[in-house]
Amino acid sequence: MIRRRRLRASENLRALVRETSVSASDLIYPVFVIEGKGIKNPIDSMPGIYQYSIDRLDEELDRIREAGVKGVLLFGIPAHKDECGTEAYNEHGIIQEAIRYIKKVFPELVVIADICLCEYTSHGHCGVIKDGIILNDETLPLLAKTAVTCAQAGADMVAPSNMMDGHVAAIREALDEAGYEMTPIMAYSAKMASGYYGPFRDAAHSAPGFGDRKTYQMDYHNPREAMRDIQDDIDEGADIIIIKPALAFLDILKTASWETDMPLCAYNVSGEYSMVKAAAANGWIDEKKIVMENMIGMKRAGAQMIITYHALDVANWLKEE
């Protein structure tokens, strides 16, 4: 008789034969930095997550250092917004100054700069607009300039999330010309037009002022199209590929792990985080068990790294094991 249970008899025995694991070094923690002073704003739709002004960042950086998380993904929230998202590529903008500060006080931390315009535009879209149309090619130079200013500020990596066609190539060319040929690009290659982003838009003040983002973010019905977008970004010079959101698109992540040997990242987005938090607050689930199960699901599907708002909790739970 085949007895699979022989290898499940104890926790230590189960650990010996375990095929998939997650560690603190796999995790990237998103951080929201807002212009101003003395600010630590709670994000109501994302319990435990805050917007920090630069002068309050130390308390969050201390938590990150203590947890042992190795990387952060930065999102900036400027005081001023305009039609062209000028503050995104201001050499002394909020994101650039946050990068400088973090690299000064926590130099070993891997700092990844999100490259998009939506937090910086008055209309909330990810590109330049004319007559209600988001213009692709006219947006590319602004994204490239944003990436260069972030690299100049000390970013270890840039992560373009805007979903304009050709954005990776434009950013790669600009970085190389500016002398940052060793700055990697973590591309949001399969970023779906998803309902899971609602809490993030509260956090980043980035909700579109009209319409939606379906003309540039991906249609989530189309897995083959996702693979074409992933391949396009690889061909344009991406170094890491992001699949976003994670849980509803593990099939895309798994297919990408079969069809490419590129490093893959799952973005466990705000809506996924907030649903877990809400259910746990109501006593319907065991938060730790659900979060760890989700982490392993993403790793099992092929992610080598995970962007997640649960990062500090996960890293601290791992220490307890």
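Predicted model: local features only at pLDDT ≥ 70, side-chain atom pairs only at ≥ 80, totals over all residues.
Lysine 191 stands opposite lysine 244, a residue of strand 10. Strand 9 spans 186-191, and strand 10 covers residues 240-244. The two strands run parallel and are joined by four bridges. Strand 9 is mostly covered, with six of its six residues buried.

Rolling a probe the size of a water molecule over the atoms shows where empty space is left. The count comes to one cavity of 30 Å³ or more. Of the 19 residues lining the largest cavity, Cys118, Lys191, Phe200, Arg213 and Lys244 are the closest to its centre. The space in this largest cavity is about 140 Å³. Strand 9 supplies at least two residues of its lining, and so does helix 6 (198-204). By class, the cavity lining divides into 10 nonpolar, three polar and six charged residues.

The largest pocket has a volume of about 320 Å³. Its lining comprises 19 residues. Nearest the pocket centre lie Asn136, Met163, Met164, Asp165 and Tyr216. Strand 9 and helix 7 (223-236) each provide at least two lining residues. Helix 7 gives the most, with five residues. Seven charged residues line this pocket, alongside six polar and six nonpolar ones.

The second largest pocket has a volume of about 230 Å³. Its lining includes Glu11, Arg18, Thr20, Ser21 and Val22. Lys288, Lys289, Met292, Ile296, Leu318 and Glu321 also line this pocket. Helix 10 (residues 287-301) supplies the largest share, four residues. Five of the lining residues are charged, four are nonpolar and two are polar.

Attention now turns to the nonpolar core. In soluble globular proteins, nonpolar side chains tend to be buried together. The largest nonpolar core in this model holds 116 residues. Ile64, Leu74, Met186 and Tyr267 touch the most other members. Helix 4 (residues 136-153) gives the most to this core, with nine residues. Contacts were listed for isoleucine 64, leaving out residues up to four places away in sequence.

Methods: Residues numbered from 1 in each chain as written. Heavy atoms only, no water. 1 Å grid on protein atoms, 1.4 Å probe; cavity = no way out; pocket = protein on both sides within 12 Å on 5 of 7 lines; lining within 4 Å. Points joined across faces, edges and corners; volume = space filled by probe spheres on them. Nonpolar A, V, L, I, M, F, W, Y, C, P; charged D, E, K, R; others polar. Core = buried A, V, L, I, M, F, W, Y, C linked by side-chain atoms within 4.5 Å. Buried < 20%, exposed > 50% of the residue type's maximum accessible area, 1.4 Å probe, protein only. Contact = heavy atoms within 4.5 Å. Pairing = 2+ DSSP bridges.
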